Amino acid sequence: MSSPARWVPFRREAGPKPPPPARGIRMKRAGTTWWGKRWVEALERMAPDEAGRLARGRTYARAGRTHDLEVKPGLVVARVTGSQPKPYKVILTLARLDDATWAKAIAAMAKRAKFAAELLAGRMPDDMDSAFQNAGASLFPERPEDLTTACSCPDWVNPCKHVAATHYVLGEALDKDPFLLFELRGRTREQVIEALRAARAGAPGKRTGARAGAPCAGDAPAIATVTLGKMAARDFDAWREAPPALDVALEPPAAHAALLSQLGEPPGWSEERSPAELLGPLIRAASERAREIAMAEAPGRRGGLRERPLHRP
């Protein structure tokens with residue numbers, strides 16, 4: 001992590017600080033997911049000797065002194081209200097991954113159906129970073145040059161508490177929306193999902209217009225025809241042969257309470273824990289109980305839903 005050199009000595013101003021603005025983002029807890037934790041650890045790992053400033057940054061984040069947060073590809077801009085009436089401007093720049101790296105990472109993701117399932121559910125797969133490591137990179141900032149920070153405050157030490165506050169607020173935002181991390185690395189959610197679908201379908205790139213790989217009108221094969229034999233009305237609904245056993249397996253979801261994580265906190269929420277943290281265990285328990293009931297062996301049946309003959313109504 002680096003920032004422009006600023007050798008102006010820092011002098012603390014006397015007098016009370018302005019109050020946090022009404023639009024301030026009050027962080028409750030950053031790093032509740034594994035990807036949010038990795039983001040927070042990146043800052044703490046790059047500033048091992050600035051524990052005091054990091055602690056003051058967390059205090060600022062909890063007090064709602066960070067506001068006007070904007071996340072763009074490779075760029076985060078925020079304002080932090082500190083000791084002066086005019087808020088300080090904070091800029092975080094994350095190195096965007098090039099097209100070749102993204103292509104390799106998408107190809108690695110496409111080989112595992114679990115990645116697509118969890119991403120569509122709004123979760124980041126536990127070993128997602130392995131796809132980027134195979135491409136010679138990482139989804140998270142690991143080197144000082146991966147993350148550049150700047151602040152308009154007079155404190156020349158990097159990171160200052162305003163940068164730290166922005167980093168922690170962003171960490172909580174990543175907990176709620178992991179696709180922000182993709183955007184910081186240069187790809188939107190739609191671009192990642194579309195590229196992943198195309199790769200899993202074997203398409204060479206993004207589909208536009210006609211379906212990729214579809215034959216042209218002049219090359220369309222002849223439409224096959226079917227000639228039906230004579231059939232009596234009474235035989236129309238009869239089985240030609242005994243139906244096979246119907247095998248239905250109910251698998252647990254790839255991610256529990258994914259919808260609650262995506263929706264975030266409703267207006268007026270005052271609990272310290274998020275709805276996903278508070279209600280997630282209950283939803284998971286209800287889901288597992290429902291699955292147990294469905295898979296239970298009922299009298300006269302073999303294995304509940306696991307193996308049940310298909311009966312005609």
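I took two strands as paired where DSSP finds at least two bridges between them. Helices (H or I, at least four residues) and strands (E, at least two) are DSSP runs, which I numbered from the N terminus.

The model is predicted, so I noted that local features need pLDDT of at least 70 and side-chain atom pairs count only at pLDDT 80 or more, while totals for chains, interfaces and linings use all residues. Residues are numbered from 1 along each chain as its sequence is written, and side-chain values use heavy atoms, without hydrogens and water.

Overall content. I found 10 helices and six strands in the chain. Of its 313 residues, 34% are buried (under 20% relative accessible area, 1.4 Å probe, protein chains only).

The sheet. I looked up the strand order and read E1-E2-E3-E4, an open sheet of four strands with antiparallel pairing. E1 and E4 (147–151) are the edge strands with a single partner each, so one side of each has no neighbour in the sheet. From one strand to the next, the twist averages 10°, with axes being lines fitted to C-alpha atoms (for helices over the stretch in contact) and angles running from 0 to 180 degrees between N-to-C directions.

Pairings. I traced five bridges between E1 (residues 66–72) and E2 (residues 75–80), where Val71 faces Val76. Two residues separate these strands in their hairpin, and Gly74 there has a positive phi near 75°. Five bridges also join E3 (residues 88–94) to E4; Val90 has Cys151 as its bridge partner in E4.

I saw helix H6 (residues 161–176) lying across E1, E2, E3 and E4, at about 60° to E3.

Definitions and conventions:
Contact means heavy atoms within 4.5 Å. Buried means under 20% relative accessible area, exposed over 50%, partly exposed in between (1.4 Å probe, protein chains only).
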